[in-house]
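Welcome, and please take a moment with the sequence and the fold before reading on.

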Amino acid sequence: MKISSKLKSNLFLVSAAVIWGFAFVAQCDAGDSINLFLLIGFRYVLGSAALLPIIFLFENRNEQKLEIKPKFKTTVLAGTICGTILFIASALQQWGININPNAGKAGFITGTYTILVPIIYLIFFRKKTGLNVALGAVCAVVGLYLLSVQNGIKNVGFADIVLFIGAIFWAFHIVTIDKFIDSVSPIKFSSIQFLVCGLWGFIIMLITGHTDFSVICSQISGAIIPLLYMGLCSSGIAYTCQVLGQRDADPTYSAIILSTESVFAAIGGVLFGVDKGMNARAYIGCGIIFVGIILSQISFKKKNKKE
C-alpha cells in the first residue's frame, strides 16, 4: 500500500471515529428537549435519506461491474431485521443517556460491544475465541466496575445497566450484519436499516400517545442542530468515511481506529461540559475499558508466511 493511500485511509477512519464520538454529545444535548422515539425516528430517517446520493453516485455504478449482483430482496430482508435490532439498541442507548447525560460514560459502556461480539459467537455459534478476547473481557469488567460502581454494587446506576443492555444489542446487531453482509448491497442495506429503525421510532412514538403535531414540530425545532448532526454527519458522512477508510486498511487495524469513538465521546463530553460527574476513578475505568477494546482486536497467534 502506498503511503498516500495509507494516510487517506487513516484520515477517513479517524474522521468516522471523531464524528461518532461527538454524536454522544449531540444525544446528550437533544435528550432533554425531544421525545426519545421522535429523536430516533427523525435521526434515522434523515440518516437513510443522507445515504441516497451515495447509492446513486457510487454503489449502483460499482454494482454494474459485478458479475454476481446482490439480490435486492435479500438486501431489504437483511435491512429490515438489522433495522429492528438497531432500533432496540438505539432506544436503550438513548434512554440511558436521557437518565444520565454523560457522553464519555455512555461511549465507553457502549464500546464494550466490541468485546461482546466474539463472546456471542462463542455462546451461540461455538466459534472459539483467543486469549485476546479473554483479556479484553477481564479489562471490560474491571473498567465497568470502576466506571459504574462508585458507592458499592447496590448503588450501580440504572442508566449504566440500560446502556450495557444496549451494548449487548449493539453486539447482536454486528453479528447479524456479519451474517448478511456478503449477500447484500452494503450502502443500500444501511439506508434500509436506518429507514426501518426510524419508522419503528415514529410508530412507537404514535402508540405511546405523542401525537400533537405542534408539540412535535416544536421539539424538532428546539433540537434541530443535534438532530442534523446525528442524522447527516453520524449516519451519512461517518458511514461514507468508514467505507472509504476500510477499503485500503486491514480489518483489525480499522476496528482499532474506529473503537476510539469512545475516547472522542469522552473528549467531546469534557469540551462541551456534559460530563461534569466524572471523577478520577471513572476516568481510570474508561481507560481500562479502552485497553480491553484494543486487546480484543489484537490476535496473539503467530501468522504463517502465507497469511
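Phe 37, Phe 87 and Trp 200 are joined into a cluster by ring pairs. Do keep in mind that this is a predicted model. Across the whole structure, a search turns up 7 aromatic pairs. Two of them are set out here.

| Pair | Centre to centre | Angle between planes | Class |
|---|---|---|---|
| Trp 95 and Phe 158 | 5.4 Å | 80 degrees | edge-to-face |
| Phe 124 and Phe 172 | 5.6 Å | 70 degrees | edge-to-face |

The pair of Trp 95 in helix 4 and Phe 158 in helix 8 (residues 158–180) links distant parts of the chain, 63 residues apart. Trp 95 is partly exposed at a relative accessible area of 39%, and Phe 158 is partly exposed at 46%.

Phe 124 in helix 6 (residues 113–125) and Phe 172 in helix 8 also link distant parts of the chain, being 48 residues apart. Phe 124 is exposed, with a relative accessible area of 53%, while Phe 172 counts as partly exposed at 28%.

Now to the helix packing. Helix 4 (residues 72–99) packs against helix 9 (residues 186–207) at about 45 degrees, and their axes lie 7 Å apart. The two helices are therefore oblique to each other, and their crossing is right-handed. Among the residues that meet there are Phe 87 and Ser 90 in helix 4, and Trp 200 and Ile 204 in helix 9. The residues of this contact comprise 13 nonpolar, 8 polar and 1 charged. Phe 87 and Trp 200, which take part in this contact, also belong to the ring cluster with Phe 37.

Conventions
Residues numbered from 1 in each chain as written. Predicted model: local features only at pLDDT ≥ 70, side-chain atom pairs only at ≥ 80, totals over all residues. Heavy atoms only, no water. Axes fitted to C-alpha atoms, helices over the stretch in contact; angles between N-to-C directions. Helix = DSSP H or I, 4+ residues; strand = E, 2+ residues; numbered from the N terminus. Parallel < 35°, antiparallel > 145°, perpendicular 65-115°, else oblique. Left-handed = near helix turned anticlockwise from the far one by under 90°. Contact = heavy atoms within 4.5 Å. Nonpolar A, V, L, I, M, F, W, Y, C, P; charged D, E, K, R; others polar. Phe/Tyr/Trp six-rings, centres within 6.5 Å; stacked < 30°, edge-to-face > 60°. Buried < 20%, exposed > 50% of the residue type's maximum accessible area, 1.4 Å probe, protein only.
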